[in-house]
Amino acid sequence: MAGTPELWIATYEAETSEELADAYEKWAGDYDADTVDGMGYVGPITAAAMLDHYLDTKSARVLDAGCGTGLVGEILHKMGYGHVDAMDYSCDMLREAEKKDVYKQCFEEDMNRDLALPDNSYDATICVGTFTYAHVGPDAFEELVRVTRPGGHITFTIRDGAYQEYGYRDKMLELEAENVWRLQEMREKDYLVKESVTAKFCTYQVLPG
Ligand SMILES: C[S@@+](CC[C@H](N)C(=O)[O-])C[C@H]1O[C@@H](n2cnc3c(N)ncnc32)[C@H](O)[C@@H]1O
């Protein structure tokens with residue numbers, strides 16, 4: 001892991017939401033170069049391709065939850081998606097995302113709380129790199145389901161070690177058992193190629209309530 005950015009490590013070691021926001025404030029300007037070039041970050045392109053497989057139209061309303069600097073939005077924009085909104089709790093990361101000019105709207109939301117968004121606002125939601133150590137907990141799945149219309153899709157990544165340890169697995173299974181969503185696909189794939197880190201890439205379909 002020689003050359004691993006210290007600020008990346010800081011995002012995993014943060015003990016409070018404020019410490020995490022501080023780490024992202026410091027990292028926002030260098031995030032794209034450090035992750036994509038430095039660590040071989042392929043999470044956004046792999047997840048965007050996975051979601052694209054399930055969408056019928058490029059005019060789908062898509063929410064990029066935990067958008068960061070907008071790497072996912074850039075890829076969806078190149079694929080032809082024109083109605084993608086961006087949401088993150090770090091105003092510094094959001095500012096970088098806005099500069100890319102690939103989103104319809106960018107707004108601040110804390111995903112560990114209820115979202116100020118109406119039910120069924122989106123045809124699809126994508127969340128990359130945000131279900132992981134010290135970031136957003138498994139209860140956030142319920143809000144992503146609420147804002148995604150029945151029949152719509154939710155694609156997300158989960159860092160491997162965190163999958164069981166942080167309760168994501170239990171919550172995913174609970175929502176399956178309650179017929180809240182149906183698993184379409186779950187695959188272990190490369191995430192940070194140069195760090196030999198993999199992640200789970202998952203897509204669920206939201207079921208009628
Ligand atoms: C590793 S970055 C991933 C960003 C982007 N999706 C990507 O793939 O490059 C994680 C993002 O989650 C955001 N985040 C962390 N905790 C959050 C929370 N409670 N609510 C919303 N966003 C949060 C961070 O600000 C950061 O932008």
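Mentor: Thr-69 counts as buried, at 2% relative accessibility. Buried means under 20% relative accessible area, exposed over 50%, and partly exposed in between (1.4 Å probe, protein chains only). This is a predicted model, in which local features need pLDDT of at least 70 and side-chain atom pairs count only at pLDDT 80 or more, while totals for chains, interfaces and linings use all residues. Residues are numbered from 1 along each chain as its sequence is written, and side-chain values use heavy atoms, with hydrogens and water left out.

Trainee: Where is the place of Thr-69, and which residues does Thr-69 touch?

Mentor: Helices (H or I, at least four residues) and strands (E, at least two) are DSSP runs, numbered from the N terminus. Thr-69 sits in the loop between strand 1 and helix 5 (71-79). A contact means heavy atoms within 4.5 Å. Leaving aside residues up to four places away in sequence, Thr-69 touches Ala-28, Tyr-31, Asp-32, Met-93, Glu-96, Ala-97 and Lys-100.

Trainee: Which way do the residues of strand 1 point?

Mentor: In strand 1 (residues 62-65), Val-62 and Asp-64 point one way, and Leu-63 and Ala-65 the other way. All of these are buried.

Trainee: In what sense do strand 1 and strand 2 pair?

Mentor: Two strands pair if DSSP finds at least two bridges between them. Strand 1 pairs with strand 2 (residues 84-88) in the parallel sense, over four bridges. Val-62 stands opposite Val-84 of strand 2.

Trainee: Is Asp-139 buried or exposed?

Mentor: Asp-139 has a relative accessible area of 55%, so Asp-139 is exposed. Asp-139 belongs to the loop between strand 4 (122-131) and helix 7 (140-147). From Asp-139 to Lys-171 there are 32 residues in sequence, and 7.3 Å in space, C-alpha to C-alpha.

Trainee: How many helices and strands does the chain have, and how much of the chain counts as buried?

Mentor: The chain has nine helices and seven strands. Its radius of gyration is 16 Å, close to the 17 Å that the globule rule gives for 209 residues, so the chain is as compact as a globular protein of that length. That radius is taken over C-alpha atoms, and the rule is 2.2 Å times the number of residues to the power 0.38. The C-alpha trace spans about 45 × 35 × 30 Å along its principal axes. Of the 209 residues, 53% count as buried.

Trainee: What share of the contacts joins residues at least 24 apart?

Mentor: Among contacts between residues at least 6 apart in sequence, 67% join residues at least 24 apart.
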